[in-house]
Amino acid sequence: MLSTISNALSNTFTARFASTVAITFKSNNWGPTEFNVPEGEVLAKYVLDQSMPNLKMSCGGDAICGRCRLNLEEELFNKLKESQPITEDEDDTLDSDERTPTTRLGCQLKVTKEFEGATITIPSE
Ligand code: FES
């Protein structure tokens, strides 16, 4: 019983006081709209949970389906080269005609302070 109450309080505390990062999302037919995204959130999961258009996570975040592509601004893309580099699996999945120089798989990115103020484009399906 005490652990249930403790977990509930902990979840409430986390929900109320978790640090958030302001990120603007847009697509060719939606937005731009700014969201306060909790740090540590998987970027694609957040986009999906907010019902933004054009993004799916068909493989559940295993970097296989390529349906969670997001186009980042060059500055953010370059910052993430160090902190969250593209893995070989992600690189293989990204390799297609739809890839831009700053495309990443949202399922492979966790939200950090590096995302503060960024604008992220959700490409058309
Ligand atoms: S969810 Fe399938 S590649 Fe990201």
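These are my notebook entries on a predicted model of one protein chain.

**Ground rules.** I count residues from 1 along each chain as its sequence is written. Because the model is predicted, local features need pLDDT of at least 70 and side-chain atom pairs count only at pLDDT 80 or more, while totals for chains, interfaces and linings use all residues.

**Overall layout.** I looked up the secondary structure and found four helices and five strands in the protein chain. Helices (H or I, at least four residues) and strands (E, at least two) are DSSP runs, numbered from the N terminus. Read along the sequence, the pattern is α-β-β-α-β-α-α-β-β. I then checked burial: 19% of the 125 residues in the protein chain are buried. A residue is buried if 20 or more other C-beta atoms lie within 10 Å of its own, exposed if 12 or fewer, and partly exposed in between, with C-beta atoms placed from the backbone. Next I looked at contacts, where two residues count if their C-beta atoms, placed from the backbone, lie within 7 Å. Among contacts between residues at least 6 apart in sequence, 67% join residues at least 24 apart.

**Core.** I searched for nonpolar cores, meaning sets of buried Ala, Val, Leu, Ile, Met, Phe, Trp, Tyr and Cys residues joined through C-beta atoms within 7 Å. The largest has 17 residues, and Leu 43, Ala 44, Val 47, Cys 68 and Leu 70 touch the most other members. At least two residues of this core come from each of β1 (20–27), α2 (43–49) and β5 (119–122). The largest share, three residues, is supplied by α2. As background, I noted that nonpolar side chains tend to be buried together in soluble globular proteins.

**Strand pairing.** I took two strands as paired if DSSP finds at least two bridges between them. β1 runs antiparallel to β2 (residues 30–38), and seven bridges join the two. They form a hairpin with two residues between them. Within this pair, Val 21 stands opposite Val 37 of β2. With β5, β1 pairs in the parallel sense over four bridges. There, Ser 27 has Ile 122 in β5 as its bridge partner.

**Gly 117.** I located Gly 117 in the loop between β4 (103–105) and β5. I class Gly 117 as partly exposed because 13 other C-beta atoms lie within 10 Å. Gly 117 and Ala 22 are 95 residues apart in sequence, yet their C-alpha atoms are 5.6 Å apart in space.

**Backbone exceptions.** For reference, most residues other than glycine have a negative phi, and most peptide bonds are trans. I found a cis peptide bond from Gly 31 to Pro 32, with omega near 5 degrees. Pro 32 belongs to strand β2.

Ser 51 has a phi of about 60 degrees, and Asn 54 has one of about 75 degrees. Ser 51 sits in the loop between α2 and β3 (69–71), and Asn 54 is also found in the loop between α2 and β3. Ser 51 is exposed, because 7 other C-beta atoms lie within 10 Å. Asn 54 is partly exposed, because 18 other C-beta atoms lie within 10 Å.
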